[in-house]
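Keep the structure open and follow along.

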Amino acid sequence: MLKFPIYLDHNATTPCDPRVVDAMIPYFTNNFGNAASRNHSFGWQAEEAVDYAREQVAKLIGADTKEIIFTSGATEADNLALKGVFEMYAGKGNHIITCNIEHRAVLDTCRHLEKEEAEITYLKVKANGLINLKELEEAIKPTTILVAIMYANNEIGTVMPIQEISVIAKKKGVLVFTDATQAVGKIPVDVNKDGIDLLAMTAHKMYGPKGIGALYVRRKNPRVKVTAQIDGGGHERGMRSGTLNVPGIVGFGKACELCMQEMGQDTKRLKALRDKLETALLKPEEAYLNGDKEHRLPHVSNISFKYVEGEGLMMGLNKEIAVSSGSACMSASLEPSYVLKALGLGDDLAHSSLRFSLGRFTTEEEIDYIIKKVTDTVKKLREMNPVNSDN
Ligand SMILES: *Cc1c(COP(=O)(O)O)cnc(C)c1O
């Protein structure tokens, strides 16, 4: 039986896997200790749980446990990486290279740093949502301290060529930071194979709880340091103070373990469902896929429907289907998605886009229903729209 609304917005957040919740529960009640309490078993138990979770998290991205700094999520990890590197490496330079389709957590942090005398280069992406590697190479100069390019884009699901980006940066001795929030747990990410020095991730996009994430900070070849942005008791090797969120960390660890075990089968199943959805929705005329068709996440599809108003589309769908739209009608700003605009889309196509992001619990029955619902809604709106016929 279908349950409404159908959730197809997993890039915004995922439900907690019940196995994650089960793992967390004891750490709210019986095992409630502070992981920093050194004098009794409550503390030792909590510390042991954190150590174990740190291993689960580290393993998923091929890191060492000492390289994982727990944060409140990816926004904080992005802030710590950018501000922390900017402050720590001030003696080397003030130039950071990023791109124009990064998440707000990166872009707004870069804007903040500009007020503190940072020089930021925002690389423009190509029409397919990927950066031009030659432009990256040309942008690097002696004062460049960091290349910050996301692993996978949250809106269009495109996957950046991180290994190639890293080779270029490494050749010039520049550190590589990637916001891998949408990639970790969904596709293989390995900090060593990929040549990553800093990486941001969050639990709630991979079937873990909200309010917990991590920054990976490389310890060897090279040893990377970041200046703390939250001072206090010196937790997390001095890089992020504050009592550890033990239940959150335990859940994050469990979520990583499950992703590691199930990524292969989840990817295969979701890609088949995504392709079925996409093929059906692109079949009628004047529907366009946004972002590169090859280099992207297996569970995401972003489609623009010409001759349809974004607002009408959302109103027609959102009682039954939870998806995201590139339209600004639903948000406070008037501008449509800056990501879609960066690909060169006009306001009309940016407004009339839908992001479908599938997840671990998405069923084929749901996809079949969505195909019918979206197709019917688009058809109806086009029949109502007078501009449609004279073009
Ligand atoms: C969701 C998301 C974030 C923010 O993560 P929080 O844990 O919610 O702070 C940052 N970057 C990307 C790419 C995201 O998708």
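Start in the loop between E8 and H7, where Glu-236 is found. The model is a predicted one. Glu-236 has a phi near 50 degrees, a positive value in a residue other than glycine. The loop between strand E8 (213–217) and H7 also holds Pro-222.

Another cis bond sits elsewhere in the chain. It joins Phe-4 to Pro-5, and its omega is near -10 degrees. Pro-5 belongs to the segment before strand E1 (6–7).

Now step back to the domains. The protein chain splits into domain 1, made of 6–13 + 263–389, and domain 2, which covers 18–257. Their C-alpha centres are 29 Å apart.

How many residues of each domain are in contact with the other? Domain 1 contributes 26 residues, and domain 2 contributes 33. Between them the two domains bury about 2,400 Å², with 57% of it on carbon and sulfur atoms. On the side of domain 1, the most area is lost by Met-263, Leu-297 and Tyr-338, which together account for 25% of what that side buries.

Turn to the polar side of this interface. The count of salt bridges between domain 1 and domain 2 is zero. Polar contacts do occur: 14 residue pairs across the interface qualify, both residues being at pLDDT 80 or more.

Which elements build the side of domain 1 that touches domain 2? Helix H7 (246–282), strand E10 (300–305) and helix H9 (338–342) each supply at least two residues. H9 gives the largest share, four residues. By residue class, that side of domain 1 divides into eleven nonpolar, eleven polar and four charged residues.

Take the side chains of Asp-179 and Thr-202. An N or O atom in the side chain of Asp-179 is 2.6 Å from a nitrogen atom of the ligand. For Thr-202, an N or O atom of the side chain is 2.7 Å from an oxygen atom of the ligand. A polar backbone atom of Ala-74 is 2.9 Å from an oxygen atom of the ligand.

Note on methods: Residues numbered from 1 in each chain as written. Predicted model: local features only at pLDDT ≥ 70, side-chain atom pairs only at ≥ 80, totals over all residues. Heavy atoms only, no water. Domains from an automatic or database assignment. Contact = heavy atoms within 4.5 Å. Buried area = accessible area lost by both parts, 1.4 Å probe. Salt bridge = Lys/Arg side-chain N within 4 Å of Asp/Glu carboxyl O. Polar contact = N/O pair within 3.5 Å; in protein donor to acceptor, adjacent residues only side chain to side chain. Nonpolar A, V, L, I, M, F, W, Y, C, P; charged D, E, K, R; others polar.
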